[in-house]
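Student: I would like to learn how to read the features of a model like this one. Please take me through some of them.

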Amino acid sequence: MDFRDTPEQAAWRAEVREFLEKERPRVDPDINPMELARERGGALREWRDKLAKKGWIAPAWPKEYGGAGLGVMEQFIMNEEFAEARAPQVGGMGVSMIGPTLIIHGNDDQKREHLGAILRGEVQWCQGYSEPGSGSDLASLQTRAVRDGDDFVINGQKIWTSGAHNADWMFMLARTDPDAPKHRGITYFLVDMKSPGITVRPLINMAGGHQFNEVFFEDVRVPARNVVGEINRGWYIGTTTLDFERSSIGNAVGQRQTLEYYLRYWKEHRGKPETASASAAFASEFADRWIEAATAKMLSYRVISIQAAGRVPNHEASIAKLFNTELSQRIARTAMKALGTSALLTGRDAPMKGRAPGSYLQTVSSTIAGGTSEIQRNIIATRGLGLPRG
């Protein structure tokens, strides 16, 4: 593997790095992750405007839709430099999920109504996929949508809906033909979250944060014009992506930065009560985490190398996801062990401003969200190793 940039890539990296040095919001890099959004606050709006002028809110979108039309290597370099600079990403699900879907499958009216609003930051989107009985087996979803004149009437429930309490719109899957095979008979809808009959209830996680929600639909009327693509073909539309860079380089860089923070803290507080548990055994364990963070970066490089060669990473992306999420849990456990009983303290006055216990609780869900570790291992086994299905 050649780790060197080509001259063109080096010039692009320098351009991104120069922009970040001049324009990125300055925030405390050591802040508890749970408080980071509040800390950035209004600075994000100004940051969004700067990115929008360069087409960098949606770098993978074609230029005619307000993106930058970047290739996967350009996206990778941009993502790597943003991660190194701790620059906030903006756009959320609007940019990464529903926008690309509308670019490929949406009609002209849908593109006109939604794409510009996404880039301007005027609307927030959430995803209505998972249901109480349909998580890893998403195609078994039971939320029903029944045609009634110019509308569909939706009844059912979605769960683990990130950001639904702040969302203006939801893109969702609902069953429109209960007699069809489970991967068919599903339709893709755009739903205004202000529609009568929608109830959003918070799900508070073990760290005390409110990100997830459950959403109930009771006779919610959705205009038929809000169907994306063909009726009963929503499953295939829901899997749509553009040619996104999928290396997760930001996660890999973030793991190393977290370790750098912990190392700096322990050096600065050596001999104090809160670091008394950082023994020689801990030093060996920390070295393991450091090596694993370097491994995570190499796995990211492997994925982007596959994409740059014009191939689609499959089990390789699952390996990177599995390794990264389980590493985040190991890093959090290492930090907790090093702090000993001090790790029970939270808040700004606690050791590390409560970062270690906050991360310990937050990372519990990392091996569940985005495809469980069990699902990733199945993909690696069947598609990577060629093992038979159980």
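Student: In which loop is W160 found?

Tutor: This is a predicted model, where local features need pLDDT of at least 70, side-chain atom pairs count only at pLDDT 80 or more, and totals for chains, interfaces and linings use all residues. Residues are numbered from 1 along each chain as its sequence is written, and side-chain values use heavy atoms, with hydrogens and water left out. Helices (H or I, at least four residues) and strands (E, at least two) are DSSP runs, numbered from the N terminus. W160 lies in the loop between β3 (151–158) and β4 (169–175).

Student: What is the phi of W160?

Tutor: Most residues other than glycine have a negative phi. W160 is not a glycine, yet its phi is positive, about 55°. K353 is another residue other than glycine with a positive phi, near 55°; K353 sits in the loop between α10 and α11 (355–362).

Student: Is W160 buried or exposed?

Tutor: Buried means under 20% relative accessible area, exposed over 50%, and partly exposed in between (1.4 Å probe, protein chains only). W160 has 52% relative accessibility, so W160 counts as exposed. K353, at 28%, counts as partly exposed.

Student: What share of the residues of the protein counts as buried?

Tutor: Of the 390 residues, 48% count as buried. The protein has 12 helices and eight strands.

Student: How does the radius of gyration of the protein relate to that of a compact globule?

Tutor: The radius is taken over C-alpha atoms, and the globule rule is 2.2 Å times the number of residues to the power 0.38. For 390 residues a compact globule would have a radius near 21 Å; the protein has 22 Å, which agrees. Along the principal axes, the C-alpha atoms fill a box of roughly 75 × 50 × 50 Å.

Student: Which residues does Q75 touch?

Tutor: Contact means heavy atoms within 4.5 Å. Leaving out residues up to four places away in sequence, Q75 touches A60, L70, D243, F244 and E245. Q75 is found in helix α4 and, at 4% relative accessibility, counts as buried.

Student: Which backbone oxygen does the side chain of Q75 reach?

Tutor: A polar contact is a pair of N or O atoms within 3.5 Å; within protein, one must be able to donate a hydrogen and the other to accept it, and residues adjacent in sequence count only if both atoms are side-chain atoms. The side chain of Q75 reaches the backbone oxygen of L70 at 3.2 Å.

Student: With which side chain does the side chain of R330 make a polar contact?

Tutor: The partner is the side chain of E292, at 3.3 Å. R330 belongs to helix α10 (residues 315–339) and is buried, with a relative accessible area of 18%. Not counting residues up to four places away in sequence, R330 touches R289, E292 and F323.

Student: Which helices do the buried residues of α11 pack against?

Tutor: They pack against α8 (249–268) and α10. The buried residues of α11 are R355, A356, P357, G358 and S359.

Student: Where is P59 found?

Tutor: P59 is in the loop between α3 (43–54) and α4 (72–84). P59 is buried, with a relative accessible area of 15%. P59 touches A68, G69, L70 and M78, not counting residues up to four places away in sequence.
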